[in-house]
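Please look over the sequence and the structure before reading on.

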Amino acid sequence: MRMDLITKFIDNARKEPKRVVLPEGDDPRVVAAAQRLASEGIAIPIVLSNKTIDGAGSLNCISPADSPDAAAYSEAYSSRRDGVNVRAAARLIRRPLFYGAMMVREGDADAMVVGVTRPTSQVIAAGALAIGYADGVTRPSSFFIMDIPGSPSKTLVYSDAAVAVDPNPEELAQIAIATARNTGQLLSIEPRVAFLSFSTHGSAHHPRVHKVQEAVRVARSLAPDLLIDGELQADSAISTRVAQTKCPDSPLCGQANVLIFPDLDSANIAYKLTQYLAGAQAIGPIMQGFRYPLNDLSRGATVDDIVAVSAIASLQSVG
């Protein structure tokens with residue numbers, strides 16, 4: 001990670017520390033990260049575990065199995081899930097992952113960061129079932145912040161390179177809008193959104209091109225305030241010189257900073273090529289689409305990674 005960008009996130013998070021729940025208190029990396037978040041004033045950590053947490057010190061630690069709030073969370077979860085009675089909900093809420101998600105849903109925490117011991121599929125399931133999706137969103141997605149060295153250096157946002165395999169036009173539009181909003185919030189820049197394709201403004205005809213064209217139409221109708229264009233080939237999106245030739249009428253003028261890929265194949269390949277061939281720093285995947293912030297960690301995450309993602313999750317909860 002480019003440390004000055006991460007430092008910016010951490011410094012911004014310090015301005016208004018948020019309550020970040022960390023459900024994997026059995027892992028010493030999580031405890032160490034929580035200690036840093038608290039001692040450095042980055043966030044207000046809440047650590048969950050049904051076991052005794054070594055090294056917790058003065059941290060706010062909660063055992064879901066013994067919590068007096070578990071009954072209220074069980075009632076709330078059962079009331080929103082058809083076919084789930086309170087007894088079944090209570091068994092679920094005893095698990096730190098679901099307890100943490102319900103803390104966020106019920107307003108007792110601002111964000112959740114999890115994943116050092118849990119696979120992404122479980123993290124997404126807990127988010128979908130307990131936190132729920134944001135209005136107008138039907139599936140979660142993610143994005144990477146790509147910090148590309150050079151003279152001058154460039155920061156681009158790639159989505160979705162980690163979650164949505166083959167989004168339909170409506171889902172692709174949702175991904176673009178969410179990514180644009182997060183870009184503005186985290187990077188304090190105007191999002192300039194390009195929907196990528198192997199075609200530029202109708203230069204090719206194919207069902208895959210039509211999918212992107214429809215996604216552009218939907219996104220513009222849902223978010224007329226955003227600067228959006230597509231379908232565009234990658235060079236038309238990021239090169240002013242190429243844009244002048246291929247799409248001189250594009251409002252992006254070859255200066256896109258948010259790149260929306262048509263599927264997971266293209267996005268994942270692109271971000272890894274950018275990372276390894278251009279020497280870019282890839283920050284992410286950063287999750288989005290849930291009603292309240294939920295971020296996933298790699299199971300190889302370091303203490304620094306947990307701190308950085310917690311800072312990002314805190315910033316996502318602002319506003």
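Where does Ser188 lie? Ser188 sits in the loop between helix H7 (169-187) and strand E7 (192-196).

## Basis of the report

This is a predicted model, in which local features need pLDDT of at least 70, side-chain atom pairs count only at pLDDT 80 or more, and totals for chains, interfaces and linings use all residues. Residues are numbered from 1 along each chain as its sequence is written, and side-chain values use heavy atoms, with hydrogens and water left out.

Helices (H or I, at least four residues) and strands (E, at least two) are DSSP runs, numbered from the N terminus.

## Positive phi values

Ser188 is not a glycine, yet its phi is positive, at about 55°. Its relative accessibility is 56%, so Ser188 counts as exposed. Exposed means over 50% relative accessible area, buried means under 20%, and partly exposed is in between (1.4 Å probe, protein chains only).

Cys253, another residue other than glycine, has a positive phi near 55°. Cys253 is placed in the loop between helix H10 (240-246) and strand E9 (258-260). With a relative accessible area of 37%, Cys253 is partly exposed.

## Cis peptide bonds

Which form does the peptide bond from Gly230 to Glu231 take? The bond is cis, and omega is near -5°. Glu231 belongs to strand E8 (residues 227-232).

Gly284 and Pro285 are also joined by a cis peptide bond, with omega about 0°. Pro285 is part of strand E10 (residues 281-288).
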